[in-house]
Amino acid sequence: MTSGTKIAATVGLVLGLALAGWWFTDGTAPVIADNELSSLPGSFVVGDLRVAIPVTDDRTGVGSVTATIDGEAVDFSDQGLTLGPSLGEGPHVLEAVARDRRGNESRRSWSFITDNVAPTFRPARSSLRGAQGRTLLLFVETSEPVPALTAQFVGTSNLMESTGPLRWRLHLGISAELEPGLKTLTLSAQDEAGNAAVGSVDVVIEETAFPRGGMINLSPAQIEARKNRPGVEEAARRRREAFGTEIDPSITWTGPFEMPVQDAIMTSPFGKVRDYSDGGVSRHLGTDYAAPRGTPVAAPDGGVVVLAEEMSIYGLVIILKHGAGLASSYNHLSEMLVEPGDVVERGDIIGKVGSTGQSTGPHLHWGMHVGGFAVAAEQWIEPGWGTPREDDFGAAP
Ligand SMILES: [Zn+2]
């Protein structure tokens, strides 16, 4: 053996040992890199999505790569694999297992949700019927979670309030003057994957047979006050402003309201058309309860006092805002025990029954306003108010 050959053999042996050492000491597993699923917003797969399974190994090289979806082996090529609607709606897991030539193993999994179906809406049957001067409680169930649900009805568009998984609620004030007949309710939402849906359904608005009658005899001072049109209009404007029209779905209310006066007798229902001794005719936009002067008046639900002052016609008036487009008013009081800005809880005494303003005897005029429309307050104290019947949800429109 020449020295040259010897050197070559030695170099070869050293190199071989080094390579073998490198081979046998490869303790580094392959790297499975990020793919299209790694940065997918909300992990929603809509339609077909091509995903790669990028594996590298800087030592002995990639030996094998296998993949499963929900535990079932799947075939894929160098271009990866396609995730699509055939997987079925809902959550899935893609798992990849990579081995290098030495047998070192890496695993990586990606969770994703296939969503190719838009939500559908099932309104409660009782929601599809309302009446003039009443509150229409709209209850809707959605087929899948949605971040927001919008209801359009008679020129208003409101976000519904989420009351539980897949459940939504909205109170709509129906003006006493709204033309009865079929109206369209349109619901719209987008699921979290971006699948949008719009559904329309007919709502019947019935005519309310508002009673008429009962001549109200006014005193000379009351007749004078009614003649002061700017004063009357200013009071009406300030009241409208206090009631507001915004329905804020982030503020919630629970169950039926409480009666603000105890042992009282309803003497004039909401909407009654009344004649006045000065020849005037007007609709009564509240409910009257006769009670002795000084009877405590309680807040029927929590809220904020937005107005507490003496007004033309209405006498001493308190207006409470309960949030979510609900406001209530208490007229003709003898005493006011709260001030604007006060926060009241259900049952707190806010004032006392009286006969101030245009009133013919001690009584509480209780007004309820929903989204700016005056509606019957007596509806809000009905047992079960605010909760849908479980058997009330119909088919999707
Ligand atoms: Zn009244």
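So, A290 stands opposite H363 in β31. That belongs to a pairing where four bridges join β23 to β31, residues 363-370, and the two run antiparallel. When I say strands pair, I mean DSSP finds at least two bridges between them. And the element names are DSSP runs numbered from the N terminus: helices are H or I with at least four residues, strands are E with at least two.

Before I go further, this is a predicted model: local features need pLDDT of at least 70, side-chain atom pairs count only at pLDDT 80 or more, and totals for chains, interfaces and linings use all residues. Residues are numbered from 1 along each chain as its sequence is written.

Back to β23, residues 287-290, which also has β20, residues 265-268, as an antiparallel partner, joined by three bridges. There, M266 has Y289 of β23 as its bridge partner. As a reminder, strands of a sheet pair through backbone hydrogen bonds, either parallel or antiparallel.

Let's zoom out. The chain has three helices and 32 strands. Its radius of gyration is 36 Å, well over the 21 Å that the globule rule gives for 397 residues, so the chain is more spread out than a compact globule. For the record, that radius is taken over C-alpha atoms, and the rule is 2.2 Å times the number of residues to the power 0.38. Along the principal axes, the C-alpha trace spans about 140 × 40 × 35 Å.

How many of the residues count as buried? It's 32% of the 397. Buried here means 20 or more other C-beta atoms within 10 Å of the residue's own, exposed means 12 or fewer, and partly exposed is in between, with C-beta atoms placed from the backbone. On contacts, if you take those with a separation of 6 or more, residues 24 or more positions apart account for 70% of them. A contact is two C-beta atoms, placed from the backbone, within 7 Å.

Now the domains. The chain is divided into domain 1 (28-114), domain 2 (121-208) and domain 3 (212-381), with bounds from an automatic or database domain assignment. Domain 2 and domain 3 have their C-alpha centres 28 Å apart. Where they meet, 15 residues of domain 2 are in contact with 16 residues of domain 3. On the domain 2 side, the elements giving two or more residues are β14 (156-159) and β16 (167-173). That side divides into five nonpolar, eight polar and two charged residues. The classes are: Ala, Val, Leu, Ile, Met, Phe, Trp, Tyr, Cys and Pro nonpolar, Asp, Glu, Lys and Arg charged, and the others, Gly among them, polar.

β16 turns up again in an open sheet of four strands, in the order β10-β12-β16-β15, with antiparallel pairing. The edge strands are β10 (121-123) and β15 (161-164), each pairing on one side only. From one strand to the next the twist averages 35 degrees; axes are lines fitted to C-alpha atoms, for helices over the stretch in contact, and angles run from 0 to 180 degrees between N-to-C directions. Three bridges join β15 to β16, and G164 has R167 in β16 as its bridge partner.

A193 is in the one between β17 (181-190) and β18 (196-206). Why does A193 count as buried? Because 20 other C-beta atoms lie within 10 Å. Leaving out residues up to four places away in sequence, A193 touches G42, F44, V46 and D115. Its C-alpha is 9.4 Å from that of V146, 47 residues apart along the chain.

I53, in the loop between β3 (49-51) and β4 (55-56), is buried as well, with 20 C-beta neighbours inside 10 Å. Beyond four places in sequence, its contacts include I32, V65, F76 and A96. I53 and V65 are 12 residues apart in sequence and 8.4 Å apart, C-alpha to C-alpha.

D70 sits in the loop between β5 (62-69) and β6 (72-74), and is partly exposed because it has 13 C-beta neighbours inside 10 Å. A324 also has a positive phi, near 55 degrees, in the loop between β26 (315-323) and β27 (326-333). With 21 C-beta neighbours inside 10 Å, A324 counts as buried.
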